[in-house]
Amino acid sequence: MALIKDGKLATDAFVDASAATEIPAAGPVIVSVEQWQAQRAALLTRGTPLGLRLRSDQSPEPIAADLPHFALVALEFPKFRDGRAYSYARLLRERYQFNGELRAVGEVLLEQLFFMLRTGFDAFELQSADPLRDYRTALGDFSVWYQPTGDGRPTAMQLRRGGR
Amino acid sequence: MYRYDEFDARFVNERVAQFRRQVKRRLAGELTEDQFRPLRLMNGLYLQLHAYMLRVNVPYGTLSSKQMRKFAHIARTYDRNFGHFTTRQNIQYNWIKLEETPDILQHLADVEVTAIQSSGNCVRNITADQYAGRAKDELADPRVYCEVLRQYSFLHPEFSYLPRKFKIAVTGSPNDRAAVAVHDIGLRMHKNQQGEIGFEVLVGGGLGRTPYIGQTIRKWLAPEHLLSYVEAILRVYNMLGRRDNIHKARIKIIVNQMGIDKYRELVDKEWEATKDGALKVPEEEIRRINAYFAPPQYERLGDATDLLQRQRAADRAFDRWARGNVVEHKVPGYAIVNVSLKAPGKAPGDITADKMDAVADLADRYSFGEIRVSHRQNLVLVDVKQADLHALWRELTALELATPNLGLLSDIICCPGLDFCSLANARSIPIAQDISQAFTDLDELQKIGQFTINISGCMNACGHHHVGHIGILGVDKRGEEFFQLTLGGSSDQHASLGDRLGPGLPQADVPAAIRKIVDTYLVIRQHNERFLDTYRRVGIEPFKGAVYGSETQAA
């Protein structure tokens, strides 16, 4: 699976152990909420970057206070039609001020990228034969946005008012 | 009316280009049908029984003559010379080719019309009172808020993959002509003692297989908070709405499962965090948009009372039409004219390309070039000089668009049904045709008085059958079509859901059953009470007895 981060093809430094029975002893690792809650002390002392993977039925709200421990949050799209993670992404960015990597995982497709970019995702496990081309295509689709979201793109309303 | 500025225009053109690519990818096999389906739906394109159907928005029911001519052009060039106006203030084309759709959308974009989010699990076309800005009973024009919501909802990055579709309607009048209580969000305008406008917010209304009347989640919302409050409702719904069962995914289900108080608590908590942020609607944006809805340059006229009296006395047919299809305007000397798309024997809401052009011409000559579309599937010319009414009536009569039946029994709401729709269980159009042909006597229609018959070809309820005074629902029983009647529904400010009358009837028996219900009503009504009021007074039993006989009545 190709990983795109900040608009470039990237090598994934993390091992996703969220579905594994055992968490690897060393290296950056992504864990599930359940693993985090059960093995919190051990995870905090291993001294590697940590990632947290949320299923689409897991809101970030209950773990908001723990976010400073994580360099990465991965939000799952079990089906591209399941849009809950768009709300979670905005909460993470705009309400909980999460500044780490926000990664879209699961059924992540070109035609959804635009929405993901706007809600605060900056990394994508993109299902595509040519992920970089798809990423650029999605970026180029629109130059006008109506909704203020945390990505900072100025909305049509703001532009009408001279950028305010 | 609203005109696109450079941003709006660029946006819709970019949207067309994007869809052109998506169609190309689908045709090249780069997208599966499963992946393509939500994309085409969000551009208004359904796959129906015989062909693709394209549903085009008429935002808050307001249309220019130029846009109507474009509708005619599309009907002629890409369809079979007609279109169908729906209960959502949309127009639908029934015989569309997938590969031609991007061109059609470009034609529409050229006249500032879109099919964006006319379908899909997202915020749909925002609907409003068809008399908005002209009605005498109105507090303020709701369309400015509809337009704010329209822009806000288009390609909302957070809410384009909601659990299910989401419909918003706005009324600026205490007499609700927009059916706001049967929408996911209904906005009802009020005025406070300071003379300021605010909204009562209803949530969780809707029809379909589990109908509910919306409940008030907030009694007063200042317009500057409109977007933040709607966003809070949508966010709670997006996160908590059911995604495991399509039939339980609408917001009405969770609102009614957890109760309105709990839902309100969640929304308020969310709203507290965002209400003073970037979603605040600035005064100057309201003013900017409102300027587009400024009334046309009316002449200073007095009411043409004497003239109309003479004309009506001289011509019985004109008198009937003027009484039925013409509505009071807030400006002296002007009138609101309803153009009936309910001629006897015709499919309700259908109109040919030639008649679309003709209506556009009439709008130009008599009504400042503006046309409205009502959720009851009629058209409206909202700014007609009273002195022109007679001349306009003659022209409408020649076009068979002057059936004087507005709000009467043959002004039937009807979905496309099994003649077109892949969801339908039964053919609804023939039922509408049969009923309208059984009730052609204009004196009789007048005597029966205010009456709504709403027909849906399946429980998805596009024909709003639950809120018809008589509702008719097509069902499939072992391969045969039957029609279930409900009585006592209403979609106005006193909205109610109809009660089931009894077992379904075969198509052939429906007009006779309607006849029996009407006859019973005429016998037991007091003074000039409407059918709905009689029903609310006496209940279902007399009607049950009339339709099914005394056995069923006893059982």
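How many residues of chain A are in contact with residues of chain B, and how many of chain B with chain A? In this predicted model, 27 residues of chain A meet 28 residues of chain B. Helix 3 of chain A provides the largest share, with 5 residues.

Chain B contains 18 helices and 21 strands. Its radius of gyration is 23 Å, close to the 24 Å that the globule rule gives for 555 residues, so chain B is as compact as a globular protein of that length. The C-alpha trace of chain B spans about 60 × 60 × 55 Å along its principal axes. Of the 555 residues in chain B, 55% are buried. Among contacts in chain B with a separation of 6 or more, 67% join residues 24 or more positions apart.

Chain B is divided into four domains: domain 1 (6-110), domain 2 (135-290), domain 3 (305-398) and domain 4 (413-554). The C-alpha centres of domain 2 and domain 3 of chain B lie 33 Å apart. Domain 2 of chain B gives 4 residues to the contact between these two domains, and domain 3 of chain B also gives 4 residues. On the side of domain 2 of chain B that touches domain 3, 3 residues are nonpolar and 1 is charged. No polar residues occur on that side of domain 2 of chain B.

Methods
Residues are numbered from 1 along each chain as its sequence is written. Chains are lettered from A and ligands numbered from 1 in the order in which they are written. This is a predicted model: local features need pLDDT of at least 70, side-chain atom pairs count only at pLDDT 80 or more; totals for chains, interfaces and linings use all residues. Helices (H or I, at least four residues) and strands (E, at least two) are DSSP runs, numbered from the N terminus. The radius of gyration is taken over C-alpha atoms; the globule rule is 2.2 Å times the number of residues to the power 0.38. A residue is buried if 20 or more other C-beta atoms lie within 10 Å of its own, exposed if 12 or fewer, and partly exposed in between; C-beta atoms are placed from the backbone. Two residues are in contact if their C-beta atoms, placed from the backbone, lie within 7 Å. Domain bounds come from an automatic or database domain assignment. Ala, Val, Leu, Ile, Met, Phe, Trp, Tyr, Cys and Pro count as nonpolar, Asp, Glu, Lys and Arg as charged, and the others, Gly among them, as polar.
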